[in-house]
Amino acid sequence: LEKDPNDYLSMRRKGVSLSRLGRYDEAILWFDTALETNPHDGASMRNLGVSLSKCGRNEEALTWFDRALKENPRDYAAMRQKGVSYSILGQLEEALVWYDRALETNPSSSATLINKARTLIDAGDYPAAVQAYDKLIAMDRNNPYHYLEKAIGLSRLGRRDDAEQAVNQAYD
């Protein structure tokens, strides 16, 4: 930025770095600055929404995800994050709609499928949650958390033996 104070990509990257450090308010300022330089930077819009969501400002975050999707209607990460914000707001059905849209765009997005599975658990749709965790396990058999979270769904379905088997698989 010292060499080129109008480098919106570096501004965005600085915002992402600050966000990863949990310094969301500072990150928001850098995303705003990037957008002042390039008002059509959909990635900055999405990342701004993520930082707003991390600050508990989910209604505001939804606006930025919408703006990012206007710039790039196939931005599955913005779709996923929109689902996350709706989930946090307790609008689980709307969250699931956005997770499904993201998965239509990128079926191999494990992050989206994880969010969808957790929202299905919260919504009480345990059979669908178990199916989602089965897909996650097929994508990554070495992640013990997929087995453990699948066990939650199985347990809530009263399938204690299957839940125990899933827990054992997690430890294996």
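This is a predicted model: local features need pLDDT of at least 70, side-chain atom pairs count only at pLDDT 80 or more; totals for chains, interfaces and linings use all residues.
The largest nonpolar core comprises 36 residues, of which Leu48, Leu52, Trp64 and Leu136 touch the most other members. At least two residues of this core come from each of H1, H2 (24-37), H3 (42-54), H4 (58-71), H5 (76-88), H6 (92-105), H7 (110-123) and H8 (126-139). When neighbours within four places in sequence are set aside, Leu48 is in contact with Ile28, Phe31, Asp32, Leu35 and Trp64.

Helix H6 consists of 14 residues and spans 20 Å between its first and last C-alpha, close to the 20 Å expected at 1.5 Å a residue. Leu92, Ala95, Leu96, Trp98, Tyr99, Ala102 and Leu103 are the buried residues of H6. Because they cover an arc of only 165 degrees around the axis, these residues lie on the same side of H6. They pack against H4, H5 and H7, whereas Glu93 and Glu104 are exposed on the other side of H6.

Arg12 is located in helix H1 (residues 8-20). With a relative accessible area of 18%, Arg12 is buried, because the cut-off for this class is under 20%. The side chain of Arg12 forms a polar contact of 3.5 Å with that of Ser44. Not counting residues up to four places away in sequence, Arg12 touches Ser44 as well as Phe31, Ala34, Asp41, Ala43 and Asn47.

Definitions and conventions: Residues are numbered from 1 along each chain as its sequence is written. Side-chain values use heavy atoms; hydrogens and water are left out. Helices (H or I, at least four residues) and strands (E, at least two) are DSSP runs, numbered from the N terminus. Buried means under 20% relative accessible area, exposed over 50%, partly exposed in between (1.4 Å probe, protein chains only). A polar contact is a pair of N or O atoms within 3.5 Å; within protein, one must be able to donate a hydrogen and the other to accept it, and residues adjacent in sequence count only if both atoms are side-chain atoms. Contact means heavy atoms within 4.5 Å. A nonpolar core is a set of buried Ala, Val, Leu, Ile, Met, Phe, Trp, Tyr and Cys residues joined through side-chain atoms within 4.5 Å. The expected span of a helix is 1.5 Å times one less than its number of residues. The arc is that of the directions from the helix axis to the C-beta atoms.
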